[in-house]
Amino acid sequence: MRNPWLLGPLGIGVVLLVWSLISLSGTVDPLFLPSPPAVWQAASDQFQGGILVGDAIASIRRVFLGFALSAALALPLGIAMGSNPLICRLLEPLLGLIRYMPAPAFIPLLIIYFGLGELPKVLLIFVGTFFFNTLMIMDAVKFVPPELIETALTLGGRGLPILTRVVAPFIAPQVIDAYRINMASAWNLVIVAELVAANEGLGKRISLAQRFLRTDEIFVGLIVIGLIGLIIDLGFRFLLRRSCAWAN
C-alpha cells in the first residue's frame with residue numbers, strides 16, 4: 001500500500017468514479033457537469049481534427065521558452081546573490097518588490113510594447129517565474145553549511161572552484177525542486193495570456209468553449225493541462241533522482 005504507482009492511480013480512479021456516478025445520476029445538469037463519456041467524445045473529436053494537438057504544442061512551446069529563459073538567468077543571479085552579501089543587499093529588495101506584483105497585470109504593458117505575437121506571452125511567463133526562481137536559488141545558496149565552505153578553504157579551494165565543486169552540488173536538488181514548483185506558475189500564466197490574446201493554445205480553446213457553453217470542451221482543456229503538468233512534474237522528479245542520487 002506504500003507503492004505510489006498503486007495509490008496514485010487509485011486516487012484518480014476514485015475521483016473518476018464519483019464524477020461518473022454524479023453525472024450519470026441526472027442530479028446535475030450536463031451543462032454544469034458533463035459525463036466522462038461526453039468529455040472523452042469531445043477530446044476524441046478535437047484530437048481527430050488536429051485541434052487538441054496543435055493547441056497543446058502551442059502552449060507547451062510558450063511555457064518552455066519562457067521558463068527556460070527564466071531558469072537560465074535566475075541560476076547565476078541567484079548564486080551571486082546568495083554568495084555575495086553586497087549583491088544580495090543591492091538586489092533582494094528590488095526582486096522582492098517585483099515578486100509581489102501580479103504577473104497578469106503586466107499583460108497590457110507587454111501587448112503595448114511587443115504587440116500580440118508570441119513574444120509577450122513568452123515574456124509574461126518569464127516575468128512571472130524569474131523572480132521566484134532567483135530568490136529560491138539565493139536562499140538555497142545561503143543555507144550551504146559553513147563547515148563545507150571552511151573545509152574547502154582549508155584544502156586550498158578558492159573562488160570559482162568552491163562554487164562549482166561545493167556550492168553547486170549542494171544546491172542542485174533545491175534548484176531542481178524550485179524549477180519543478182515554479183513550472184506550475186508558468187502553466188497558470190500561459191493560460192491567462194492565451195485567454196487574453198492568442199489564436200491557438202489550450203487557454204484560447206477554453207475561452208472559446210466558455211463563450212459557446214461547451215462545458216465538455218472546457219473539461220478537456222483542463223484535463224489535458226493537468227496531464228501535461230503531471231508528466232513535467234514526474235520528469236523533474238526523475239531528473240532529481242538520476243542527477244542527485246546522493247541527495248536521496
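This is a predicted model: local features need pLDDT of at least 70, side-chain atom pairs count only at pLDDT 80 or more; totals for chains, interfaces and linings use all residues.
Is leucine 69 buried, partly exposed or exposed, and why? That's what I wanted to know when I opened this one.

**Entry 1: leucine 69**
I looked up the accessibility of leucine 69 and got 36% relative accessibility. Buried would need under 20% and exposed over 50%, so leucine 69 counts as partly exposed. Next I checked where leucine 69 sits, and it's in helix H3, which covers residues 51–83. Then I picked a partner from further along the chain. Isoleucine 125 is 56 residues away from leucine 69 in the sequence, yet I get 9.3 Å between their C-alpha atoms.

**Entry 2: the whole fold**
I counted elements next. There are 10 helices and zero strands. Reading from the N terminus, I wrote down α-α-α-α-α-α-α-α-α-α. I also looked up the extent of the C-alpha trace, and along the principal axes it spans about 70 × 55 × 30 Å.

**Entry 3: contacts and burial**
How much of the protein is buried? Of the 248 residues, 39% are buried. For contacts, I took those with a separation of 6 or more, and 73% of them join residues 24 or more positions apart.

**Entry 4: surface and charge**
The protein exposes about 14,500 Å², and carbon and sulfur atoms supply 72% of that. I found 17 positive and 14 negative side chains. The centres of those two sets are 6 Å apart.

Technical notes: Residues are numbered from 1 along each chain as its sequence is written. Side-chain values use heavy atoms; hydrogens and water are left out. Helices (H or I, at least four residues) and strands (E, at least two) are DSSP runs, numbered from the N terminus. Buried means under 20% relative accessible area, exposed over 50%, partly exposed in between (1.4 Å probe, protein chains only). Contact means heavy atoms within 4.5 Å. Accessible areas come from the Shrake-Rupley method with a 1.4 Å probe; for residues, only the protein chains shown count as cover. Lys and Arg count as positive and Asp and Glu as negative; His and the chain ends are not counted. The place of a charge is taken as NZ of Lys, CZ of Arg, CG of Asp or CD of Glu.
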